[in-house]
Every structure is written in structure tokens, then in C-alpha cells.
Amino acid sequence: MNINKKPKVAIVGAGVFGTNIALALDSFCEVTLFEKNADILQEGTRVNQFRHHYGYHYPRSGETVVDVQRSLKAFEDLYEDAIVRDTPTYYAIAKEGSHITSTEFTTFCDTYNLPYEEAHIDDFNPAAVQGIVKVPEPSYHYEKLAEMVKEKLQNTKNVSVRCGQKITALTVTDTGKKELQVANEDSEITIDEYDFVINATYSSINNFTKMGSFPVVPIRIDLTEVLIVSVPIEPISLTVLDGPFATLMPTGNPHEFTLYHAKESILKRYTPQDGLVSQNDECVSNEESILCESLKLFPALEKATVVESRYLHRAVQAQSESDDNRVAEIIPHGSGCWSVLSGKIVSSVYVAEKFSQIIAAELE
């Protein structure tokens, strides 16, 4: 495709993937970034454990480890100031019900060059865990990350951010242009025309494929609840692997942590044939069970108070239960349209660079 002036690119979804794709395309495209919410980075980037993944969390998915390891430098080059590196970080293996043993976990770490040292701390319930290791894996500070992304977008020359805007229809014209029907908060409709469209809407990925009559992307939907808790302890990151266990991680704010339980935080799980999030899902808090089951692992939660619950429809590759795969995937639909099935936040800049190469190749 030869386009003399800057190609017009629409990006649907202003999470960490959509925003970074926009930043990567700014130098040679005219980009419009659509976000249905009133602000950017309000879903998966915010409703998260804030782990800056090195790979420790995926001992059954070497593919995910490779994905995050190759993505690290690109992300850290842009967002180092949002990464918190001075928090003690520990992993432990549950004595019962784990998918892996302590020996298997350390062998996994050795295989993928993930450094660790054996540790003995009282922050885990000794009756519930074994094989505690200390690792150099950081976290990220959400507010700082959001501030940095917004500043970078404000400094772009060719990116327009349109919040409170929802894509309601997609038409590929006879000339190959993509017409997007867009509704604002007052339900006013406009139609805009683009050369390329990138769908980065996470759990709503198949709303886009349906509009474009593209094949359904097979996904599993998890309606999740992450608790923000206040605990009167110093910042520390604690994770029990690998099964129906929990993670306690600092948010970067004083005495504030995210608490996620791999079983109790899943309010609903399903694999829809049409790939769409059910309109009947209700966010009914499971706060009591999340706290109760997590307390069995982390004694400090005896003094925890809940600040708030955050809910998210999480989309992952269908049939990924066996290895818990979380690799970011770029899905070509043809006609100058793509979707990205988001992986870990650390992969967002690497994926954005890939899209820059893809669009550049389309213009040759």
C-alpha cells in the first residue's frame, strides 16, 4: 500500500497496550486513540497486581517467561521511573495443592536464568508453605505509570486521544478504507475513515471481530475481584505458587497492598462460543472469602482493612488452564485490521514496536 501523506490509524482501547501502540506510531502516522471510559488506563492496567514480571509467576509456561524476558528492556527504557525496585519480593510453594514442587520451581528458575536465594521469613504461614525464595522482581507504581503515559501522549505530534468515545460499527469500503461509527457520551454519532485499525480492547476483543465479521478470537473470560487493602506493615511482595493461592503486593502507597486470590478472586469463569463478555455478569464482592483464604497464607492480614474492591473482566487464551499461558498475541484480520490479545503489561512496549514494524511494512 502506498500512501503519500501520513496514514490514518485508529486504535480502539487506551489501556497500556493501546497507548503504547499510539506512541510507537506517532512519528509516521496520524493516530486517533479511542477510549470508551472517561480516562485512559482504567481497566486491566489499573485492576492488576502491579507485578513487573520477570517470569517467576509462570513456572508452567516457558513461552510466557520468554515473552516477558524479551520485552523487559523496551518497557524499562520508557518507564523506569514507575518501577519500584526496593521492595523485598518472595515466592513460596504451597505444601498442599500446588501444581509444582519446590524443587521443580528452583529447577525452572535455573532453566530460565531467574536468580533467587533461599529465605526464611515469618511473613508466610509456615504450616502452609515451603521452599521460600527471595527474588529481585520489582513492581510498578500504577499512578506513576499513568502519569508518565499521559505526559508522553501530551508530547506527541500526531496522536489524538478521544475519551468517552465508543466504536459502534466498522465497515470496510470498496477502496479498502475503514469507516468507524463512533458514539460519544451523549450518544451522538460520527463516522470517521481510516487506513488501518488496531483493536486493543482486552476482554472486548470480540466486540470488534463481530463488527468486522472477522473470525472469533477464542478466549476465556474471568470476572475478577482485586482487593486494595491497608495493612500496618512495611512494603513487601508475597506470592504463593502454583494453584488456588494468593498474592499480596504493594501499590506504592503507604501500607497499601493489592490482594488477589487465584480461586476466591474469580467471581465467574466461562469460555463463550461467540467470544463476548456476558451482559448478565454481576460484580458481587467475595471480599470475605478472599481475606479468609489469604489469611491462611499471610498472617499479617489479621490486621488488614479493605480500602476498596476493583473488578475486571480478564481475557486469556482459551484452553490455557494447563500451562497458564499469558503471551501477548497480535492477531491479523486482513483488510488493514488487527487485534492484540494482551499479555503482561511489561510486554506492551515490545508489542507496540512490532506494530510499528507491521504498519511500516504495509506502507512499502
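How many bridges join β9 to strand β10 (residues 178–183)? Six of them do, and the two strands run antiparallel. Before going further, note that this is a predicted model, where local features need pLDDT of at least 70, side-chain atom pairs count only at pLDDT 80 or more, and totals for chains, interfaces and linings use all residues. Residues are numbered from 1 along each chain as its sequence is written, and side-chain values use heavy atoms, with hydrogens and water left out.

A quick word on terms: helices (H or I, at least four residues) and strands (E, at least two) are DSSP runs, numbered from the N terminus. Two strands pair if DSSP finds at least two bridges between them.

**The three-stranded sheet**
- β9, β10 and β11 line up in that order as an open sheet with antiparallel pairing.
- β9 (166–172) and β11 (189–194) are at the edges with a single partner strand each, so each has one side left without a neighbour in the sheet.
- On average, neighbouring strands here are turned by 25° against each other, direction ignored (axes are lines fitted to C-alpha atoms, for helices over the stretch in contact, and angles run from 0 to 180 degrees between N-to-C directions).
- K166 has A183 in β10 as its bridge partner.

**The six-stranded sheet**
- This one is also open, with mixed pairing and the order β8-β2-β1-β12-β20-β19.
- Its edges are β8 (159–163) and β19 (329–334), each with a single partner strand, so one side of each is left without a neighbour in the sheet.
- From one strand to the next, the twist averages 20°.
- Five bridges pair β19 with strand β20 (residues 337–341) in the antiparallel sense, and P332 has W338 in β20 as its bridge partner.

**Strand β13 and its partners**
- Strand β13 (residues 219–230) is mostly covered, with 11 of its 12 residues buried (buried means under 20% relative accessible area, exposed over 50%, partly exposed in between, with a 1.4 Å probe and protein chains only).
- Strand β18 (residues 305–317) runs antiparallel to β13, joined by 12 bridges, and R220 stands opposite V316 there.
- With strand β17 (residues 266–270), β13 pairs in the antiparallel sense over four bridges; I221 stands opposite Y270 in β17.
- Strand β16 (residues 256–261) also pairs with β13 in the antiparallel sense, over four bridges, with I228 opposite T258.

**Aromatic pairs**
- The whole structure holds 12 aromatic pairs (rings of Phe, Tyr and Trp, using its six-membered ring, pair if their centres lie within 6.5 Å; planes under 30 degrees apart count as stacked, over 60 as edge-to-face and the rest as tilted).
- F50 and Y142 have ring centres 6.2 Å apart and planes at 15°, so this pair is stacked.
- F50 sits in the loop between β2 (30–35) and α2 (62–79), while Y142 is in helix α4 (residues 142–154), 92 residues apart; both are buried.
- F196 and W338 make a tilted pair, because their ring centres are 6.0 Å apart and their planes are at 45°.
- F196 is in strand β12 (residues 196–199) and W338 in strand β20, so the pair ties together parts 142 residues apart in sequence.
- F196 is buried at a relative accessible area of 0%, and W338 counts as buried at 6%.
- Ring pairs also link Y56, Y91, F105, F108 and Y112 into a cluster.
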